[in-house]
Amino acid sequence: IERTFSMIKPDATRRNLTGAIIKMFEDAGLKVVASRRVHMSLREAEGFYAVHKDRPFFGELTEFMSSGPTVVQVLEGENAIARNREIMGATNPSEAEDGTIRKLYAESIGENSVHGSDAPETAAEEIAYWFAGTDIVG
Ligand code: GTP
Ligand code: MG
């Protein structure tokens, strides 16, 4: 059984899509084992997205991520990392498959409703960035 880090982004919380998005994860067999609503600071967003600090969109990304509430979660299930990314769809909603969260809800490549870890190492780091071990109840 695997765990991944998931985040519902400010464009989605603003449109009251939290429940709809969580239902898609649950319907696909992923279990929410930790969950918290957080309005992150710009500093927290910069720390979380440090791997992207040299990308041209870093400023836009971190300002957006700190512009409103997000929901940070740990999802658990068989192949949770890959499964979560399948359910999210491609980063750019215009390239996302039908039925994916980003196809249904994302507004643009930047405001794309959800984040999900891309590998076991990043999942472990991202979970530890937002949660203490005792926050996770499997
Ligand atoms: P995450 O699950 O959010 O990490 O998405 P990803 O792995 O599909 O994309 P990637 O790690 O390449 O980029 C991280 C995030 O940066 C994306 O989810 C977008 O929100 C944002 N991003 C990526 N490319 C662009 C871009 O060209 N413009 C802007 N404004 N944001 C971008
Ligand atoms: Mg990524």
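Reader: What feature does UniProt place at residues 1-138?
Author: The UniProt record, an unreviewed entry, puts "domain: Nucleoside diphosphate kinase-like" there. Keep in mind that this is a predicted model.

Reader: How much of that span is helix and how much is strand?
Author: Residues 1-138 are 40% helix and 19% strand. The end C-alpha atoms of the span lie 11 Å apart.

Reader: OK, on to the ligand. Which pocket does ligand 1 take up?
Author: Ligand 1 takes up the space of the largest pocket.

Reader: How many residues surround ligand 1, and which are the closest?
Author: There are 15 around ligand 1, and the closest are Lys9, Glu60, Thr91, Asn112 and Gly116.

Reader: And what's the split by class in that shell?
Author: The shell around ligand 1 has six polar, five charged and four nonpolar residues.

Reader: Which helix and strand each supply at least two residues of the shell?
Author: Those are α4, residues 58-65, and β4, residues 114-116.

Reader: What about the side chains of Asn112 and Arg102?
Author: An N or O atom in the Asn112 side chain is 3.0 Å from a ligand 1 oxygen. With Arg102, a side-chain N or O atom is 3.3 Å from an oxygen of ligand 1.

Reader: How much of ligand 1's accessible area does the protein cover?
Author: On its own, ligand 1 has 590 Å² of accessible area, and the protein covers 83% of that.

Technical notes. Residues numbered from 1 in each chain as written. Chains lettered and ligands numbered in written order. Predicted model: local features only at pLDDT ≥ 70, side-chain atom pairs only at ≥ 80, totals over all residues. Heavy atoms only, no water. Near = heavy atom within 4 Å. Polar contact = N/O pair within 3.5 Å; in protein donor to acceptor, adjacent residues only side chain to side chain. Areas by Shrake-Rupley, 256 points an atom, 1.4 Å probe, with all protein chains shown as cover. 1 Å grid on protein atoms, 1.4 Å probe; cavity = no way out; pocket = protein on both sides within 12 Å on 5 of 7 lines; lining within 4 Å. Sits in = over half its atoms within 2 Å of the grid points. Helix = DSSP H or I, 4+ residues; strand = E, 2+ residues; numbered from the N terminus. Nonpolar A, V, L, I, M, F, W, Y, C, P; charged D, E, K, R; others polar. UniProt positions renumbered as here; feature names shortened; annotations may be inferred.
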